Amino acid sequence: MLNPYGIDQAIRVIGNNAEDASVGIFDAQGRLLRNLTATGRRDGEAVFSWDGRTALGQEVPAAALFVRAESNGCAVTRRIVLMR
């Protein structure tokens with residue numbers, strides 16, 4: 001997902017009803033840094049992109065972060081490492 005290739009990598013959610021998914025980026029303390037908007041949706045897939053910034057436009061420093069995808073009451077969380 002973003003590790004170790006840098007910013008603006010695609011985050012793909014694939015599976016049943018994935019086209020309805022939402023994705024958030026969280027810090028290690030569980031604070032929401034940003035909700036992402038899908039750049040593409042089709043049956044069984046949604047694609048999201050993140051530019052490494054918070055919802056307020058601040059650059060996020062290098063850190064271990066979490067990506068959480070939710071769809072139809074199901075959620076999956078994965079750890080990523082943002083390297084600068």
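Mentor: T54 is found in the loop between β5 and β6; strands (E, at least two residues) and helices (H or I, at least four) are DSSP runs, numbered from the N terminus. This is a predicted model, in which local features need pLDDT of at least 70 and side-chain atom pairs count only at pLDDT 80 or more, while totals for chains, interfaces and linings use all residues. Residues are numbered from 1 along each chain as its sequence is written, and side-chain values use heavy atoms, with hydrogens and water left out.

Trainee: Is T54 buried or exposed?

Mentor: Buried means under 20% relative accessible area, exposed over 50%, and partly exposed in between, with a 1.4 Å probe and protein chains only. T54 has a relative accessible area of 13%, so this residue is buried.

Trainee: With which residues is T54 in contact, leaving aside its neighbours within four places in sequence?

Mentor: Contact means heavy atoms within 4.5 Å. By that criterion, T54 is in contact with L33, R34 and V60.

Trainee: Where is N16 found, and why is N16 classed as exposed?

Mentor: N16 lies in the loop between β1 and β2. Its relative accessible area is 76%, and N16 is therefore exposed. The C-alpha atoms of N16 and R53 are separated by 29 Å, and these two residues are 37 apart along the chain.

Trainee: How many helices and strands does the chain have?

Mentor: The chain has zero helices and seven strands. Its radius of gyration is 12 Å, close to the 12 Å that the globule rule gives for 84 residues, so the chain is as compact as a globular protein of that length. That radius is taken over C-alpha atoms, and the rule is 2.2 Å times the number of residues to the power 0.38.

Trainee: Which residues have the most contacts inside the largest nonpolar core?

Mentor: In soluble globular proteins, nonpolar side chains tend to be buried together. A nonpolar core is a set of buried Ala, Val, Leu, Ile, Met, Phe, Trp, Tyr and Cys residues joined through side-chain atoms within 4.5 Å. Here the largest has 17 residues, and those with the most contacts inside it are V13, V23, I25, L36, F48, W50 and L65. Of the strands, β6 gives the most to this core, with three residues.

Trainee: What does V23 touch, not counting residues up to four places away in sequence?

Mentor: V23 touches several residues, among them V13, L36, F48 and V67.
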